[in-house]
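Hi everyone, thanks for coming.

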Amino acid sequence: MDVAPRIVVLTGAGVSAESGLQTFRSADGLWYSHRITDVATPEGFARDPALVHRFYDQRRADALAAVPNAAHRALARLERDVDPGLAIVTQNVDDLHERAGSSHVIHLHGELNSALCTACGSRLRWTATLGDRPPCPECGSRTLRPDIVWFGEAVYHLDAIEAATRACETFAVVGTSGVVYPAAGLAALARAHGARTVLLNLEAQDGGFGYDEVRLGPASEVVPAWVDEQGEP
Ligand code: BV8
């Protein structure tokens, strides 16, 4: 976006939980049925690409079948109402914010609907499977991988995210356990530059950052209620 946003919202898996997408660290989360080192590291992909493709092909299909919930819709409504703007920084690799109508969405951990060619570096919009090893449309080699930021890899758009975080008046955190960096450090950065910080989450974050305000509950309830108050003087 051209101007610094007044509000930045950092979202995590919890915002999509009520759309039926699994979170990572809850009792039935993805990291309890899959080892992070197997499916979310470059080393795991090098060892067993078929396993990693199965994992992301399934998640892409799940995300395609999911629909935005009331929390996604409320944030899209807030973007339309807030002057001079709102940016969503999401750790999620689904596209539910965009499908709810948000247009300023920054994906710092990549996107399921994108493929990255490890031979030529092209990033391509991709909604089909990758496990069948299709050729890269740009260079022809069968070297496409999910365009997902794995542990140990640099996150996307960090300069723009930090600039928006430093400039905003309100930094809201929705549906994340706050353990994965650099995302987990953004609320502290916002606070250091004078922003008010708010946590909207099902439960308190472990060892949590001292937010100015904490509202606990399902995102589909706490986010619309918070959004409704943002236009009030
Ligand atoms: C990097 C792939 C450098 C995507 C994922 C500083 C200190 C310590 C360690 C580090 C550090 N800096 C970097 C590190 C290392 C590492 C890291 O943070 N490790 C941690 C675990 C200690 N970070 C990295 O490796 C990052 N890269 O720093 O690179 C660099 C620089 C230059 C050059 C080279 C390298 C890369 C991190 C990328 C991680 N990728 N996965 C995917 O498959 O989806 S992580 C994974 O965790 C997902 O991406 C996910 O988005 C992310 C965060 O998880 P959450 O979204 O928070 O989900 P979680 O299940 O944990 O929590 C859900 C929350 O929702 C809960 O609180 C729950 O209560 C709540 N909830 C549930 N239901 C609801 C709800 N809330 C509301 N309503 C509901 N209904």
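So, let's begin with the ligand. The shell around it draws at least three residues from each of two domains: domain 1, which is 1-21 + 68-109 + 155-233, and domain 2, which is 22-65 + 112-148. Keep in mind that this is a predicted model.

Where does the ligand sit? The space it takes is the largest pocket. Two elements give two or more residues to the shell, namely helix H1 (14-17) and helix H5 (49-65).

Who's in the shell? There are 34 residues around the ligand, and the ones that come nearest are Arg59, Glu153, Thr176, Ser177 and Tyr181. Sorted by class, we get 18 nonpolar, 11 polar and five charged residues.

One oxygen atom of the ligand is 2.7 Å from an N or O atom in the Arg25 side chain. For the side chain of Tyr56, there's again an N or O atom 2.7 Å from a ligand oxygen. Ala219 uses its backbone instead: a polar atom there is 2.8 Å from a nitrogen atom of the ligand. And how much of the ligand gets buried? On its own it exposes 1,500 Å², and the protein buries 74% of that.

Most peptide bonds are trans, and most residues other than glycine have a negative phi. Now look at Tyr181 and Pro182, which are joined by a cis peptide bond, with omega about 5 degrees. Pro182 is in the loop between strand E7 (170-174) and helix H9 (186-192). Then there's Arg133, not a glycine, yet its phi is positive, about 55 degrees. You'll find Arg133 in the loop between strand E5 (123-125) and strand E6 (144-148).

Terms used. Residues numbered from 1 in each chain as written. Predicted model: local features only at pLDDT ≥ 70, side-chain atom pairs only at ≥ 80, totals over all residues. Heavy atoms only, no water. Near = heavy atom within 4 Å. Polar contact = N/O pair within 3.5 Å; in protein donor to acceptor, adjacent residues only side chain to side chain. Areas by Shrake-Rupley, 256 points an atom, 1.4 Å probe, with all protein chains shown as cover. 1 Å grid on protein atoms, 1.4 Å probe; cavity = no way out; pocket = protein on both sides within 12 Å on 5 of 7 lines; lining within 4 Å. Sits in = over half its atoms within 2 Å of the grid points. Helix = DSSP H or I, 4+ residues; strand = E, 2+ residues; numbered from the N terminus. Nonpolar A, V, L, I, M, F, W, Y, C, P; charged D, E, K, R; others polar. Domains from an automatic or database assignment.
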